[in-house]
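Visitor: I'd like a close look at one part of this model, and then a walk around the rest. Could you take me through it?

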Amino acid sequence: MEKVLTRNIGADLQPTDLKAYEANGGYQGLRKALAELSPKDCLDVISGANLRGRGGAGFPTGMKWSFVPMGDKCTPGHKYLVCNADEMEPGAFKDRLLMECDPHQLIEGMILSAYTIDADISYIFIRGEYVVAIQRLRDALAECYAAGYLGDNILGSGFSLNMYIHPSAGRYICGEETALINALEGKRANPRAKPPFPQVSGLWGRPTIVNNVETLCNIPHIIDRGADWFKTLGVGEDSGTKMFGVSGRVKNPGCWELPMGTPIRHILEDRAGGMQDGLQLKGFLPGGGSTDFLTPDHLDLAMDYNVIGKAGSRMGTGTMIILDDQTCPVGMVLNLIRFFAHESCGFCTPCRDGLPWTRQVLEDIESGRGRAEDLDTLAYQVSYIGAMGNTHCALAPGAMEPLQSALKYFRDDFDRHISGGSCPYHSHTRQGA
Amino acid sequence: MNDAQMIQTDVSSVLSPEELSEIDAELAHVPYKSGAAIDALKIVQAKRGWISDQSLQAIAKYLDMSAEELEGIATFYNLIYRRPVGKKVILFCDSVSCWICGCDGIKQKITDVLGVDYGETTQDDAYTLIPVPCLGACDRAPVMMVGDDLHTHLDEAKIDALFPDKNKKAGGNS
Amino acid sequence: MPTIYIDGQALEVAQGENILEACLNAGMDLPYFCWHPAMGSIGSCRQCALVQYQNEEDTRGRIVMGCMTPVTEGARFSLNAENATEFRSAVVESLMLNHPHDCPVCGEGGECHLQDMTVMVGHRDRRYTGKKNTHRNQYLGPLIHHEMNRCITCYRCERYYRDYAGGKDLGAQASHDHVYFGRHEEGVLQSEFSGNLVEVCPTGVFTDKPFLKHYSRKWDLQSAPSICSGCAVGCNIAPGERYGKLKRVHNRYNHEVNGYFLCDRGRFGSGYINSDARLDYAGIKKPDGSFMAVHQQQAIDTAASWIKHKKIAGIGSPRASLEANYLLRELVGAANFVAGFSDSEAEIMGTIVRSLKNTTASNPSIKQMEAADAILILGEDVTNTAPRVALGLRQSVRNKAFELAEQMGLPPWQDAAIRNLAQDQRSPMIIVSAMDTRLDDVASRCVSLAADDIASFGYAVAEVLAGGKTEDMAVNEAAEILLGAKNPLIISGSSMSHAGIVNGAVAVAEALGSQSKPAMLSLCVAESNSLGLALLVDSGLKTKPLSISKLAKKSSKLDTLIILENDLERRASNTDIELLVKAAAKIVSMDILENSTLNNSDLVLPAASYAESQGTLVSSEGRAQRYFPVYQPAAERLPSWQWLLQLADACEHKTLSELEHFDQVVSACAASQPLFTTLVDVAPMRDYRSQGQKIPRQTHRYSGRTAMNAGVSVHEPQQPEDTESPLAFSMEGLNRDEAASLIPFVWSPGWNSNQSLQKFQAEVDGPLKGGTAGVRIIQSTGLGALQSSEPAEQILKSHQWHLVPVHQVHGSEEMSANTDEIAELAGPAFIAIGQKVAEKLGVTEGDGLIVTQGKTDISLQVKILSRVAKNCVGFSAGYSETLELTAGSLVSLIKDQQWVRPTSQMIATDKRTGTQGGSAHV
């Protein structure tokens, strides 16, 4: 398979500087776009490529951009392009790699995206803990300004763009695009109600596009090589390649660029090397901590948005978390719910107060204090908190996904905790309160 | 009397010229001063380790915000410290992949070696231990950050090696 | 008018509203917390959930929030579907996880919105077995009690305090289920509108602290419809009484005036009514200067003997009712009556009345002012002189945001979205004042000028509007924004004691009128009935007998002077007062609290306060409104109108002695001049009955009526009978859908909190079903108000400053200043100067300055302001220490070397010591 996103990433994981990036075809897409393509042309290419957002929701990028008012339809003022580099989904570790090892690819993608929507200011909203990535991006930005890829009148095209890095002060909810916008405005990162969508009223009330790192990294290649080429990369329904990752107790955890639609079995067995010795696969979260469990029965599914969706889960970030047969599923769900309860912004009731309630029930069960009716309570909470629309944003419904599927697939484990009065798994998984 | 008059915080006596110039650089690209609130908190915290009441009031004043507004922001985010921390903060990942890979045991080991639990600072002010949700290095779990450095594939031996002079229970005695 | 379906029922709903509003308008009980009719929707509490169906076939539907869902033609919903009711119950169950079960000791108990909603959703048994989160509470000053553990995190407090009222020092802190609403550190809440937190909070986090000191449950309070006497805005209030004490004041909704909110003076300023300094009995001065208590009849007889066939004169009062002033004028004869204003107020009131009667501009209600899209304020610190108006102006400047929202198709109730869209973009507001005002933070431009220059500014704007030219950028800008606006608003008033400023403002309004751009012109006046009194004395007389000093100068010899609720010290110079005391052989005074005028009198009559009497006040809007007694006056106090009626009777006054009832006084007053004819319509007369009964002042749950005085006497007292109004001191009768002027409290089945108001509104956020209380009595001729010419400039000697009155919401108003909490907030009298002058004089905040005005020297504490017009210094107006200072006079300043700086600037009567600040950290 042709490496696209990772073509500049070597085994040494060293950053690609401007010279090396250019030597490998870097900024060709940008030069081409600025010289030959109008923003509308660029939008058509991206729409035609059927690129879907790599942050988790899989929304078509071209369609998202098409809602940005252009030309006379836009009131005078700034427009913004924001890179969502707030990788904080439990089990997700793909954007870190792209930023640390090939910062220019992201920057070129952002310049092209900004050009397409006619944005003049762009931000990289990045996790504060990603200190290496922040430094490498800063270095790359300096190179870009010096080389005329950023700033006024880029490459003599008349197009101008400034780019800034905003290291986050740390909240999972900042990964939600409207919360991220509030954080960029220096506010509490509560998500905003939609509509209005950020495309029309985002950062400082102005049209704003927020895209994930990986999504933006795809842009230079699509512009450079065309939509048709991009569509040929996928082996399933979806276009392009995707960063897939595996963590948990497998032999070779890691992150690989593979075609969209790669079967799960290939990722888990051929890339991650299968389970560590003595462990059996019990289940897995296919796309990070806020996706539903799948089981060994699902190993032959293709990693495509719709395929995984039909199986009852989501492709999410494409970074799988593996549950082995000696790890307690109740403990794992409790770990996730603790995370989500703590990362709730505190804005809406089901999330702010519902998740701690769920946490408390799970703590009871995990520590052996569970009662039979607790399972009814958990089911009640899943229907109360878990449906989109019940809450202000997607955090709490996402939090409920591992729980609702665990109740479906690992019901026995819950029952054994309750009937046995203790966690039947290895003591290191005990998280009793 | 309003607060502004009562506090009479003299910004320049609290914030250093270096801090102010870094904040100014952020202010240059935001349309409202309050837009630089988080950056300013991070700038000052980078120099001082944490945000004291005095720092908070000075930053608020510099950004034409009320202390309440800035407090609401400072207390919202995980990485703004409103209490003193040690010279280095240990951000210990207790999220799902690290948990599966046995981070609870590592955490216990750290607590044994340093004598601190979550939210606590060693007696010699060297380290503050804080849990962090997923550091995005799940393929190298368990992981943690000590200051700016990421430590991966943690095991008990690595903890001993990282804190050689603390290798005693209830550490921080020197 | 779209049709929507709720549980199969077709509803015609108004375009642009949301489903929650539609349900409430249809009389359905859809619970909610975070939504507020004045503040719109944010979708945070998730309580107003209902199920929306795609179409008729859809049986499952999905949960939507009523407050966030606009009505659309044919949309189908269910309130009663099981998933909807279960969800709403789950929301309350979640809120109850951490809510303490302290309802029996909670100040909100019995009028708690959370209690109501909990019952409404049917939640009863908790399944949660974990620990409750707890928080530290904060000391927030003398007015507001803080109990964070009760918080359900609806964000209403923050949204009200910060977004709506412009307060800066209260907000959300921390996150997840640790969210905390409070200050950065303990201390007095700085907003003049903090008291509304009590009514905005759906539970007991923010409660009325003075009320808690002598607490009664809402259902045990006896209430009456009343009008705030704290200033001239005329906010409608619902005071509550028990055991003969005024316990608290709540907002009483008036769609046009105060809406849902009061200022802190209005809410907390009535404590003086329970003061020990109230007079219980009439007193006759003995030769040794002390007073001998006498009964009513003896007092009346004595007074009558001093009045009948004698040379008498009367001084009215801008804080007494129209009826009392009218009676006094009739009793002494119009020629012997003066209104009782100070000289400067008299002049300005004359100007204002003239202007309002003829201007082409309209005199707007607060509701109308909220529609203004460009504002020019001349000379007023509105927050301190007409506080509730200022709260309205904070909404006016948001019209720019609503305009942007409309362009984007966002409905006005999308609160957070509109704020995010507009950010700091506001409609223009230019403030021209001598010093800082409390609206500076939302003004597009502030101009600091001395009084004369403010007047000139007004004239200059008028000139530019008429086509003139000037170099002055601010003047040009003012003209430009007003001309470019759809609803321009000019605000000025009497607080600078400078008629020229009012004339300047009128000139601007007239100039706009001549450009076919009808303006709104709102003129702030000082006291609750300043305008009513000015109108009363304006009728038909050539020379307007307004000021006290006029009377002092013309009356060399009088048998008896009758003074109605007027402490002359506040409105006349010492010289004039001495002249009057010398001229009058006998002085008869009636007032509420002890004061120097009563001490100068020969007969004092204890007057009832507004809470114990009825009367009509005319607000600065020209709105005549009626207040009714909440309870009967104690001891031998009488409402002034009754004292005067009895005096007239005892004197066998030709016309007055025929009057017996209050309504007859109103009718007589109404007949006295054309402007007053509609006074009879201000509120229903005493014979009004609803379903055959009077309107009850007591709730149907009022308890202990027969036993509440058993500690004093086991004999059950007869309930007092109210022969003067359509209200009864009783719990019998109906309090539903009455005339707006007659609603003493709001309650509806299932809605025990103030949120029951929506059951009394014709539609959500609309006028009451019984209309809007009050009658606007001034009909302008529309001919245009004639202006006097520009004022001449004063020449300053070096080291001299113009004295500018600085009004304070707490401290400047005569009566409320006698309330402990208000006095505490008022702090010491001060002299306000700019930083440069402070440096020149070698003083800092808290030092003392000796202010020399003519022969008067007063030492005052220094307060430093951020902007002060050249050659101006301010003084705390209305404080007893500064009564001798005259606005506009020239003073010199010198540092007071003997001054002892106050040790602590915070006066915290009940601040707990030893505790750290209560901010919550994660």
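Visitor: How far apart do the C-alpha centres of domain 1 of chain B and domain 2 of chain B lie?

Guide: They lie 31 Å apart. The assignment for chain B puts domain 1 at 3-74 and domain 2 at 88-166, with bounds that come from an automatic or database domain assignment. Before we move on, some ground rules: this is a predicted model, where local features need pLDDT of at least 70, side-chain atom pairs count only at pLDDT 80 or more, and totals for chains, interfaces and linings use all residues. Residues are numbered from 1 along each chain as its sequence is written, while chains are lettered from A and ligands numbered from 1 in the order in which they are written.

Over in chain A, the mean pLDDT (the predictor's confidence in each residue, from 0 to 100) is 95, and 98% of the residues reach 70 or more. Residues 428-433 of chain A are another story: pLDDT stays under 50 there, although the model has 17 contacts for them beyond four places in sequence. A contact here is a pair of C-beta atoms, placed from the backbone, within 7 Å. Where pLDDT is low, the predicted coordinates should not be read in detail.

Pro195(A) sits in the loop between α8 (177-184) and β4 (208-212); helices (H or I, at least four residues) and strands (E, at least two) are DSSP runs numbered from the N terminus. Leu155(A), not a glycine, has a positive phi near 50 degrees, in the loop between α7 (131-147) and β3 (162-167). Most residues other than glycine have a negative phi, and most peptide bonds are trans.

Now for chain C. Seven strands make an open, mixed sheet in the order β15-β14-β25-β24-β23-β16-β17, where pairing takes at least two DSSP bridges between two strands. Its edge strands, β15 (291-294) and β17 (337-338), each pair on one side only. Strand β14 (residues 282-285) runs antiparallel to β15(C), and four bridges join them; Lys285(C) stands opposite Phe291(C).

Finally, Val461(C) touches Leu376(C), Val475(C), Ala478(C), Ala479(C) and Val508(C), leaving out residues up to four places away in sequence.

Key
Two residues are in contact if their C-beta atoms, placed from the backbone, lie within 7 Å.
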